Amino acid sequence: MTDQTYVQLLDLACGAFLLTGVLVLWRRDLAAIVRLFAAQGAALAAIVIVLGVRQAATELVIVGLALGGLRAGLLPYLIRRALPERGGPDAEGRETRPVVNVASSLVAAAVLALVAYAVAQPLIRLAPSPAAHALPVALTVLLVGFFVLVTRRRALSQVVGFLLIDNAITATAFLTTNGVPLVVELGVSLDVLFAVLVLSVLTNRMRAAFGGTDLDELRELRD
């Protein structure tokens, strides 16, 4: 792989990774948000595979393929199973009352991107490689994930926010090092899989018991 091809493929994968994270703020339909998360999982896998091919590291390519299967396939499948069935209340399948509206959320994403760019500069200067220059992308998705967690009301939206943060941490690890060992990534992925399984079951139980997953409404029940 030539240097130019490597940089172009890495930039393309990182661009898709960032775009899918920001588009989560734009969409309110939960099914569309899950599809965006699946697309981001594929972009994350592409980043790792490109790095693996560049370094001629077979183990890194295998890790990338495993990441793709988990984060673009299995995790979105499990979250999709927790979505309300077709024919249910329309409001239950959408973010009807986010704390921050879509326009303000996109402006906030732009501000977070500037913050991530400024924070990443000292790290980029330590090792100014093409992978290190993509670090602001991962940090921006990390901040966007936190933003989703605090501004969305539906339980499933907050699960996706948590997973955006995990994707960003994984991308940061691969962009700033020579790769994460397969056994380490396998352990982390199993933890994430277990967490998503538990959260999916809890979401279904909440919907069955209270008729919805709006966390503000559930807080009113407690009060």
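Reply: Helices here are DSSP runs of H or I with at least four residues, strands are runs of E with at least two, and both are numbered from the N terminus. This is a predicted model, in which local features need pLDDT of at least 70 and side-chain atom pairs count only at pLDDT 80 or more, while totals for chains, interfaces and linings use all residues. Residues are numbered from 1 along each chain as its sequence is written, and side-chain values use heavy atoms, with hydrogens and water left out. Over residues 99–119 the chain is 86% helix and 0% strand, with end C-alpha atoms 26 Å apart.

Me: Where does UniProt list a transmembrane region?

Reply: The unreviewed UniProt entry lists residues 6–26, 33–54, 60–79, 99–119, 131–150, 159–176 and 182–202; the positions follow the numbering used here, feature names are shortened, and annotations may be inferred rather than shown by experiment. Among these spans, residues 33–54 are 100% helix and 0% strand in the model, and their end C-alpha atoms lie 32 Å apart.

Me: How many helices and strands does the chain have?

Reply: The chain has 9 helices and 0 strands, and along the sequence the pattern reads α-α-α-α-α-α-α-α-α. Of the contacts (heavy atoms within 4.5 Å) with a separation of 6 or more, 76% join residues 24 or more positions apart.

Me: How do I read the packing of helix 3 and helix 7, and at what angle do they pack?

Reply: Two packed helices are described by the angle between their axes and the distance between the axes. The axes are lines fitted to C-alpha atoms, for helices over the stretch in contact, and angles run from 0 to 180 degrees between N-to-C directions. Helix 3 (residues 58–81) and helix 7 (residues 155–176) pack at about 175 degrees, with axes 12 Å apart, which means that helix 3 is roughly antiparallel to helix 7 (over 145 degrees; under 35 counts as roughly parallel, 65 to 115 as roughly perpendicular and the rest as oblique). The contact includes Leu67 and Arg71 of helix 3 and Asp166 and Asn167 of helix 7. Its residues divide into 9 nonpolar, 2 polar and 2 charged (Ala, Val, Leu, Ile, Met, Phe, Trp, Tyr, Cys and Pro are nonpolar, Asp, Glu, Lys and Arg charged, and the others, Gly among them, polar).

Me: Which residues of helix 1 meet helix 4, and at what angle do helix 1 and helix 6 pack?

Reply: Helix 1 (residues 3–26) and helix 4 (residues 102–126) pack at about 150 degrees, their axes 8 Å apart, and are therefore roughly antiparallel. Val22, Leu25 and Trp26 of helix 1 meet Val102, Ser105, Leu106 and Ala109 of helix 4, a contact of 6 nonpolar, 1 polar and no charged residues. With helix 6 (residues 135–151), helix 1 makes an angle of about 15 degrees, the axes being 10 Å apart, so these two are roughly parallel.

Me: Is Thr140 buried or exposed?

Reply: Thr140, in helix 6, is buried, with a relative accessible area of 4% (buried means under 20%, exposed over 50%, partly exposed in between, with a 1.4 Å probe and protein chains only). Leaving aside residues up to four places away in sequence, Thr140 touches Leu18, Leu112, Ala113 and Ala116. Buried residues make up 44% of the 223 residues in the chain.

Me: What is the phi of Ala56 near?

Reply: Most residues other than glycine have a negative phi. Ala56, in the loop between helix 2 (30–55) and helix 3, has a positive phi near 55 degrees, and Ala56 is exposed, with a relative accessible area of 67%.
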